[in-house]
Amino acid sequence: MFEFLVRLGDDRLVIGHRMAEWCGHGPILEEDIALANIALDYTGQASALLALAGDMEGKGRSDDALAYFRDETQFRNALITELPIGDFGFTIVRQFLFDCHSVLLWEALAACGHATLAGIAAKAIKEDTYHLRHSSEWMRKLGDGTAESHARVQASLDTLWRYTGELFEHDAVDDAVAALGIVVPHDTRAARWRSLVDGVLREATLVVPASPGPMVTGGRRGRHTEHLGHMLAEMQIVARSHPGASW
Amino acid sequence: MSTPALTRDELFGILEEVKDPEVPVISIVELGIVREAVAEDGGVTVTITPTYSGCPAMRVIEDDIRAALSARGVHEVRISTVYSPAWTTDWIGPDAREKLRKFGIAPPVPVEAGGLVTLTRRRAAAVCPYCGSRDTVLQSEFGSTACKAIHVCRGCRQPFDEFKPL
């Protein structure tokens with residue numbers, strides 16, 4: 001259960017931090033605000049999930065302890081969440097692919113047998129539905145926009161596609177939580193995810209890459225890209241330099 | 001140290017004085033953030049629910065709750081956060097909606113029923129809090145705080161915040 005919750009929490013902590021990197025750098029003021037807002041929602045969800053993980057673990061680790069005092073190999077986020085932000089189009093495509101996945105995941109968890117997790121899921125699905133509307137709107141604008149914007153988001157989609165398989169991987173951790181009444185049907189979710197994604201891609205005049213290559217995975221086992229360590233260094237330095245400080 | 005024996009109504013009366021830090025015209029009771037308040041074991045337990053998971057005002061609200069109760073002699077305050085049932089703008093009553101409108105924030109329209117995953121944009125247009133026009137355009141789904149969206153009124157050319165339905 002701890003491992004399952006840490007995966008969920010780390011996905012949102014890491015993608016939330018990446019989104020927050022746009023604060024002050026957004027292409028227009030409204031987007032600057034939107035990306036910061038979405039970052040806050042994801043970070044808030046991460047906080048709830050990691051706090052629950054800490055409770056379940058029973059070693060007295062808080063959400064902050066888990067976020068700031070674990071090293072790279074102890075993070076369990078999917079690799080797609082840790083890739084650098086790239087240009088605005090890259091961030092939007094990543095967000096769109098992740099939001100689609102997240103909404104469907106919450107839908108399954110809102111009905112799960114663990115009351116606290118179901119409560120977090122029922123709340124988060126409302127927020128992620130908003131996020132998905134935002135990211136799919138931009139997919140349409142950029143994909144069906146200028147030749148330049150189309151080419152950029154298509155290239156981002158080509159790069160990111162290989163990282164989507166990891167979001168639907170099933171392993172022993174899923175089996176373990178299934179025994180507790182937490183069932184995430186990855187196969188049917190993957191199919192629904194694909195039809196959600198396809199629907200928006202069609203309107204955005206974008207296509208799934210024909211030969212993307214094999215799926216890249218490893219994050220769930222703590223094997224990350226070279227990018228996560230740099231991100232964590234920045235994210236964790238204040239908490240580690242001043243342990244126990246409060247503000 | 002003894003805590004004055006306060007009834008649930010009295011506790012809610014005190015909490016009614018705690019305003020939302022970012023929308024100071026309505027209280028956390030009117031917003032539906034306070035779910036329960038009970039005097040027990042020589043202290044008070046207040047159960048709250050966040051509006052948005054990442055709402056940065058929640059910590060301030062917790063401090064304000066402690067301060068308001070402390071001013072009434074209640075120094076042992078436990079705050080518990082619940083996520084279920086998930087907060088919804090449908091909990092904001094008619095009086096509070098009117099206060100929002102007078103403050104220049106369009107009150108939330110009723111939450112639309114429907115599938116969980118709705119990709120198409122809602123909906124009933126936000127009504128301009130300044131001139132009452134329905135001829136308004138959504139500028140951005142995300143506004144100055146997590147709970148607001150930005151609109152522009154075509155009637156009076158005024159940009160305004162809407163408390164977005166959730």
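**View 1. Phe88(A) is buried, as is Trp138(A).** Buried here stands for under 20% relative accessible area, exposed for over 50%, and partly exposed for values in between (1.4 Å probe, protein chains only). The model is predicted: local features need pLDDT of at least 70 and side-chain atom pairs count only at pLDDT 80 or more, whereas totals for chains, interfaces and linings use all residues; side-chain values use heavy atoms, with hydrogens and water left out. Residues are numbered from 1 along each chain as its sequence is written, chains are lettered from A and ligands numbered from 1 in the order in which they are written. One aromatic cluster is formed by Trp22(A), Phe88(A) and Trp138(A).

**View 2. Aromatic pairs link Trp22(A) to Phe88(A) and Phe88(A) to Trp138(A).** Rings of Phe, Tyr and Trp (its six-membered ring) pair if their centres lie within 6.5 Å; planes under 30 degrees apart count as stacked, over 60 as edge-to-face and the rest as tilted. Over all chains, the structure holds 8 aromatic pairs. Trp22(A) and Phe88(A) pair edge-to-face, with 5.9 Å centre to centre and 85° between the planes. Trp22(A) lies in the loop between helix 1 (2-20) and helix 2 (29-57) of chain A, and Phe88(A) in helix 5 (residues 88-109) of chain A, so this pair ties together parts that are 66 residues apart in sequence. Helices (H or I, at least four residues) and strands (E, at least two) are DSSP runs, numbered from the N terminus. Trp22(A) is buried at a relative accessible area of 8%, and Phe88(A) is buried at 12% relative accessibility. Phe88(A) also forms an edge-to-face pair with Trp138(A), 5.1 Å centre to centre and with 90° between the planes. Phe88(A) is in helix 5 of chain A and Trp138(A) in helix 6 (residues 115-143) of chain A, so the pair ties together parts that are 50 residues apart in sequence.

**View 3. Two arginines of chain A place their charged ends over aromatic rings.** A charge sits over a ring if NZ of Lys or CZ of Arg is within 6 Å of the ring centre and within 35 degrees of the ring normal. For Arg70(A), the ring is that of Phe75(A), with the charged end 4.2 Å from its centre. For Arg133(A), the ring is that of Tyr130(A), with the charged end 5.0 Å from its centre.

**View 4. Helix 6 of chain A packs with helix 7 (residues 147-160) of chain A at an angle of about 125°, their axes 7 Å apart.** That makes helix 6 of chain A oblique to helix 7 of chain A. Axes are lines fitted to C-alpha atoms, for helices over the stretch in contact, and angles run from 0 to 180 degrees between N-to-C directions. Angles under 35 degrees count as roughly parallel, over 145 as roughly antiparallel, 65 to 115 as roughly perpendicular and the rest as oblique. From helix 6 of chain A, Lys141(A), Leu142(A) and Gly143(A) meet Ser149(A), His150(A) and Val153(A) of helix 7 of chain A. By class, this contact has 2 nonpolar, 3 polar and 1 charged residues. Ala, Val, Leu, Ile, Met, Phe, Trp, Tyr, Cys and Pro count as nonpolar, Asp, Glu, Lys and Arg as charged, and the others, Gly among them, as polar. Contact means heavy atoms within 4.5 Å.

**View 5. Thr47(B) and Tyr52(B) are buried residues of chain B.** Chain B has 3 helices and 7 strands, in the order α-β-β-α-β-α-β-β-β-β along the sequence. Thr47(B) belongs to strand 2 (residues 43-48) of chain B and has 16% relative accessibility. Not counting residues up to four places away in sequence, Thr47(B) touches Ile33(B), Val34(B), Arg35(B), Glu36(B), Ser80(B) and Val82(B). Tyr52(B) lies in the loop between strand 2 and helix 2 (57-70) of chain B, with a relative accessible area of 2%. Leaving aside neighbours within four places in sequence, the contacts of Tyr52(B) include Asp41(A), Lys123(A) and Glu127(A), as well as Trp87(B) and Ala146(B). Tyr52(B) and Ala146(B) are 94 residues apart in sequence, and their C-alpha atoms are 6.9 Å apart in space.

View 6. Most residues other than glycine have a negative phi, and most peptide bonds are trans.
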